[in-house]
Amino acid sequence: MNLTEFNQSDRCEHFSCPERSGSPVVYILLYVCSAAVVLLTVCGNLLVIISVLHFKQLHTPTNLLVLSLAVSDFLIGALVMLPVLIWMIESCWIFGRAFCITFCMIASFIVGLSLYSVALIALDRYLALSNPFLYANKISKWTMCIVVYSNWFVCLAYSIIFYCFNVNLMDFEFCPGECVISFNDVWSAIDLIFSFIFPLSVVIILYTRVFVIAKKHATAIRELNNHTRPKTQKITSHSMKSERKAAKVLGILVSVFLMCLLPYFIYTLLSAVIEIQIKTIHKLLIVGYLNSTINPFIYALFYPWFRRCIKLIITLRIFQTDFALINILS
C-alpha cells in the first residue's frame, strides 16, 4: 500500500481547495516547524551515512543494511516529506498533476525500500543469533552488498512497473487540489501484499524468533561460570552478548518503525467500511514519515560509536590523515 494513495470514496467536489483560515503567524510557524523536521531528517541520516561510509570499523554486513535504511530515510526527508507537509498545511495539492504522478512513484519506491530494508535487518539479526558461526563464515560484506543492491533494484523495478506499465489501469480523474491515484482491485491487492503484508509479516515473525533466541542466550550466559569455563567459551559468551545487544537496539528500531507506519496502513485498510478523511490521511502520512526523523536519534541514544562519529564529523576531524582508522568502538 503506497503512502501517497488511497481509495477514493467521495466525489471531487469534496476535494476542492478550501479558503485559508487562521493567522498568517500560524502558517509561518507551521512552515518553520516543517522546515525544521525536514532539516533534522536530512542532517540526522546524513550523519549516519557519513559515519558508516567513512569509518572502516563500521564496514560490517549489518551496518550495510543500516546504511541502506539511512539512505532511504534521507531520501524521504529530501524528496517526500516537504511536499506532504505543504499539502497538509495548505490543505491543497499545489504542485499539479504531472508532479503528483512522479511524487507517488518516488514515494512508493522509497517507502518500499525502507520496509524491505527493515525486513532484511530482521533477517540479518535472526541469522546472526540463530547460527552465529554459520553467519560469520557465510555472510560477508560483499554478500551483503549484493543483497542491498538487489533490494534497491527490486523495489525500483516494482515501482516503475506498477506506475509506468499500468497506466491504462490508473484512474487519472484528478480532483481539484488533490493528488489521488486509484488502481483496479487486482493491482491494489498486489500492491497491498508486496508493499505491506509480506514485509511486515517477515519483520514481526523474525523479531518474535529473535526475541525468543535472545532470551535463551541470556539464560545460557547467566548459567556459565566465568571462573571455570575455558577461554573459547568466554569469547563465545562475549560474541553472544554483542549479538543480543545489536538485536535489542535494532528491535527498538523496528518497533518504532511499526508504531509509525501501522496506523496509516490500518486506516487505509478500513477504507472499505469507513469514510476516508483527507486530513486524517495527511496526519498519518506525517507520522509514518517521522520514523525517518527518529531513527538517527535511536542510533545516538544506544550506539556510543555513533555519538563519537557525530563529534568527529561536526569538528571536521574526519578530514585528518588516516582518521578513518581511528578506534571508535572502544
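Visitor: Which residues of H5 are buried?

Guide: In this predicted model, the buried residues of H5 are Met144, Val148, Asn151, Cys155, Tyr158, Ser159, Phe162 and Tyr163.

Visitor: How many residues does helix H5 have, and what span should they give?

Guide: You can check a helix with a simple rule of 1.5 Å a residue.

Visitor: What can I say about the chain as a whole?

Guide: Of the 330 residues in the protein chain, 47% are buried. Among contacts with a separation of 6 or more, 78% are between residues 24 or more positions apart. The chain exposes about 17,000 Å², and carbon and sulfur atoms supply 69% of that area.

Visitor: How many cavities of 30 Å³ or more are there?

Guide: Here is the general idea: rolling a probe the size of a water molecule over the atoms shows where empty space is left. In this structure the count is two cavities of 30 Å³ or more. The largest cavity holds about 60 Å³ of space.

Visitor: Which residues lie nearest the centre of the largest cavity?

Guide: Eleven residues line the largest cavity, and Ile76, Ser114, Phe257, Leu261 and Gly288 are the ones nearest its centre. Helices H2 (61-90), H3 (97-130), H7 (231-269) and H8 (278-302) each give at least two residues to the lining. The largest share, four residues, comes from H8.

Visitor: Is Asn63 buried or exposed?

Guide: Asn63 has 12% relative accessibility, so Asn63 counts as buried; the cut-off for buried is under 20%. You will find Asn63 in helix H2. Beyond its neighbours within four places in sequence, Asn63 is in contact with Val52, Leu58 and Trp305.

Visitor: What is phi of Ser91 near?

Guide: Most residues other than glycine have a negative phi. Phi of Ser91 is near 55°, a positive value in a residue other than glycine. Ser91 sits in the loop between H2 and H3. With a relative accessible area of 26%, Ser91 is partly exposed.

Visitor: Where is His59 found, and which residues is it in contact with?

Guide: Look in the loop between helix H1 (24-54) and H2 for His59. His59 has a relative accessible area of 27%, so this residue is partly exposed. Leaving aside neighbours within four places in sequence, His59 is in contact with Val52, Leu53, His54 and Lys141. His59 and Lys141 are 82 residues apart in sequence, while their C-alpha atoms are 7.4 Å apart in space.

Notes:
Residues are numbered from 1 along each chain as its sequence is written. This is a predicted model: local features need pLDDT of at least 70, side-chain atom pairs count only at pLDDT 80 or more; totals for chains, interfaces and linings use all residues. Side-chain values use heavy atoms; hydrogens and water are left out. The expected span of a helix is 1.5 Å times one less than its number of residues. Buried means under 20% relative accessible area, exposed over 50%, partly exposed in between (1.4 Å probe, protein chains only). Contact means heavy atoms within 4.5 Å. Accessible areas come from the Shrake-Rupley method with a 1.4 Å probe; for residues, only the protein chains shown count as cover. On a 1 Å grid over the protein atoms alone, a cavity is a set of points where a 1.4 Å probe fits but cannot get out, and a pocket is an open set with protein on both sides within 12 Å along at least five of seven lines; lining residues have an atom within 4 Å of a point. Grid points are joined across faces, edges and corners, and a volume is the space filled by probe spheres set on the points.
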